[in-house]
Every structure is written in structure tokens, then in C-alpha cells.
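Let's take a quick walk through a protein model, strand by strand. Keep the sequence and the 3D view open as you read.

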Amino acid sequence: MKKFILAASALSLSLLCSCGIFKDKKAEDVPFEAVSEEAAETTKPTTTEAEAGKKETADEPAEPDAEYSGEYREEYDDEGISAEESMRIEEKKRTIKPDENGFIIENNILYDYVGVLPKVEIPDGVTCIEKNAFWSNDVVEALYIPSSVKEIGNSAFWSCSNLKFIQAEEGLETIHSCAFWSCSGLENVNLPKSVTLIGDSTFWAVPDITIHAPNGSYAIKFAKNHGFGYDSSYAEYSMTDRKNVIRGGQYTGSDITEFTTPENITAIEAESFNYSALESLVVTSNVEYIGQNAFEYCDKLKTAELHCHEIKAEAFEYCESVETVIIGSECEKIGSSAFAYCEKLADVWLTENVAYIDNRSFEYCAPNLTLHVPTGSYAEEYAISNNIPFDNAIY
């Protein structure tokens, strides 16, 4: 269903990546040089020595070298994906028989993954992950890339809503534009020192990402100068019980009109209900968080009662019919644009337990939006500082 809904955007995305707003530009002619004296181990980054002579530790990521100072943008010429190229790739996907693990590979190029396991280990020997290879794949959750892979193509993992973790071994060199565009659940990416080119729009619309890489590496510079989280201690990932979460794409475009989260559900992940026909929603207190874009474009939703602990960025963006939102005492954090463009949202009930609300959480809501907040609470201070009408009514 998700691929059907988003199919019309594929060609548009390719054009954006190849020209216009998101086209990568030529990098500085100065070639990349590692600033550390010797390469750190891929799985255990070590303390390095900067060119300037400054001693650094794993807690002190390297400052960009002089040639990358100022408006550091490691963009490069990238042709994107033409319509003809997209057709050629799709033909490969249709005609090459998948291997026993669901990989479609020819001449060491990976064209697609049609397997069912969320932990995806790219086969050793693959040298390139082709453009659009995992496009809008809702299965992959953790991705392991061997040292044989040198290149990740344009939009290779575009909108993989459940992708949370990436481990790339030493050997990867180039990550093209839009490769992980809108992978809204992506949290941790381990990149090696060997990476020397990353398209500027590679991690577009991935708000909670942390890039882990050796000090002084190109990947650290990229993260620092694009405002991403970064450190030099590599992350690990444990697969969770997938029966206890609502996965991305699980209810996308569904006809269900009423929904209450079952008691066993612990999380609603990114893009799990978007474009659905929901009219009323109850999220119970056993749910830890509502993921990014989880209910985006649910334009028939009118009421939502939310007892989860966190509402992530853009979770209810463009829910144009929602009028009333009740946020229970369990909720402590509301992310950026969580209710943006909810044009009819007039009443939001908050408790004294909410400790953080992003300044953009209620952008472009109804003109008569009123926050109902406890006297002296953080929510009241938020309403005052953001010039949003409020009262002290208790739900």
C-alpha cells in the first residue's frame, strides 16, 4: 500500500536529487586527507592526533580542517536518476531471480531486497548498492554493510521508515545523494574512515540521527557541519520484539476509522498510520512513543487521546480535520511540528508533567487554538512564551 501511495513521488524525487534544490555540487578541489595519524579500528575508534597538533579523545570530535571551514558543504556532482535509468533498474528487479535470502544481485551489484528479515546483512562480495535498491522498504530495521561495498547509490534506501541502525565496515567510500532520504526512524549510523564523499541531501528529513565515526574522519566533519549528532564511539543495536510495536507502513492507507492501542504495544513507529482513514484515536500509556510522521496526512482524524510518553516530530502534521487533542499525564515531550498544519485544531489539553514542547509543535493550527494547561506549569510558560491563547481548565 505504501509503495502504491508513494509511487508517484519516485520520479519527482529523482529529479530533485539530480537538479534543482537538492542537486549536489562540486566539492573543493582539495582531496580529502585523514587528520589522524593512523586509521582507527572500525569497531573500536581510538584516540587520534589532529594535524594541528591538538590531542583529541573519543569525547572530543575533531574540528573541521581549514579547507572545510566556514560553510562546509561536501557536495559533489551527482547525476541523480533519470527516467531511463529508473526503468533499467526496475527491469533488473523484475528479471533477476532472488537468492535464497531475498537479494537480487547481478555482477556484484545489489538491485533489490525482497526478503522478510528485518536484520539485513548485505552479502560479502557486493561492491555497489544500486540506486533505488531498497526504495520504501518497510521490512529492513538494521543494516550491515561489508567491506566489499564501495558505493551506495542515489535514493538507495529512500523512505525506509523502519530503518534504525546502519553498520558500514571499512571500505565504503561514497554515499550518493538522497541515499537515506526520509528514513525517519534512523537513529545510529556507524561509518568508517574510508568514506570520503557523502551527498549533501543523503540524510534529509532524518531528525534524530547520530553519526558515529573515527575522530577527524570525513563522516565526523559531515555530521558536524550539517547539524547532526556525532561521536567517535560506535553504536550497537539489539533487535527488539517486533510483535510489541506497530511498524512503519503497517496501517498506511488503511480504511480503519477507530483505533485504540492494544496493551502489548510499546511503540508506534514512524509512518505507521499516515494517509489512513482514522477518525478517532486512543494511544494508551503502555506506548513509549509515537514516531515521526506516524499519523501524518490522516486528514479525517477528529479526536486524539494520547497517553504515550513522547510524541516525536511531525507525528500528526497535516491532520487537517483534528479538532481536539488530549495529552495525558504520561507525556513528557512533544517534538517539532508534531501538530503543525492541523488547521482545525482548537483545543489541546496538557498536564503539569510535560517538560518539553518544541517551539514549532503547534505551527499553523486553527486561529482559535487554545491550550488548556495547569496553573504555573511548564505548559503554561510555553503558551505565554509562544503567544498561544491558554486557560487553566482541567480536563
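Where is His307 found? This is a predicted model, and in it His307 lies in the loop between S18 and strand S19 (310-311).

**His307 and its contacts**
- The side chain of His307 makes a polar contact of 3.2 Å with the side chain of Glu330.
- Leaving out residues up to four places away in sequence, His307 touches Val283, Thr284, Ser285, Gly328 and Glu330.

**The seven-stranded sheet**
- Seven strands line up in an open sheet with parallel pairing, in the order S14-S16-S18-S20-S22-S24-S25.
- Strand S14 (258-260) and strand S25 (390-391) sit at the edges with a single partner strand each, so one side of each has no neighbour in the sheet.
- Zoom in on S16 (residues 280-283) and S18 (residues 303-306): these strands run parallel and are joined by four bridges.
- Across that pair, Ser280 stands opposite Thr303 in S18.

**Strand S2 and its partners**
- S2 (residues 109-113) is mostly covered, with four of its five residues buried.
- On the antiparallel side of things, S2 pairs with strand S1 (residues 103-106) over four bridges, and Ile104 stands opposite Asp112 in S2.
- The hairpin of S1 and S2 has two residues between the strands, and Asn107 takes a positive phi near 50 degrees there.
- S2 also pairs with strand S4 (residues 128-129), this time in the parallel sense over two bridges.
- In that pairing, Leu110 stands opposite Ile129 in S4.

Notes. Residues are numbered from 1 along each chain as its sequence is written. This is a predicted model: local features need pLDDT of at least 70, side-chain atom pairs count only at pLDDT 80 or more; totals for chains, interfaces and linings use all residues. Side-chain values use heavy atoms; hydrogens and water are left out. Two strands pair if DSSP finds at least two bridges between them. A polar contact is a pair of N or O atoms within 3.5 Å; within protein, one must be able to donate a hydrogen and the other to accept it, and residues adjacent in sequence count only if both atoms are side-chain atoms. Contact means heavy atoms within 4.5 Å. Buried means under 20% relative accessible area, exposed over 50%, partly exposed in between (1.4 Å probe, protein chains only).
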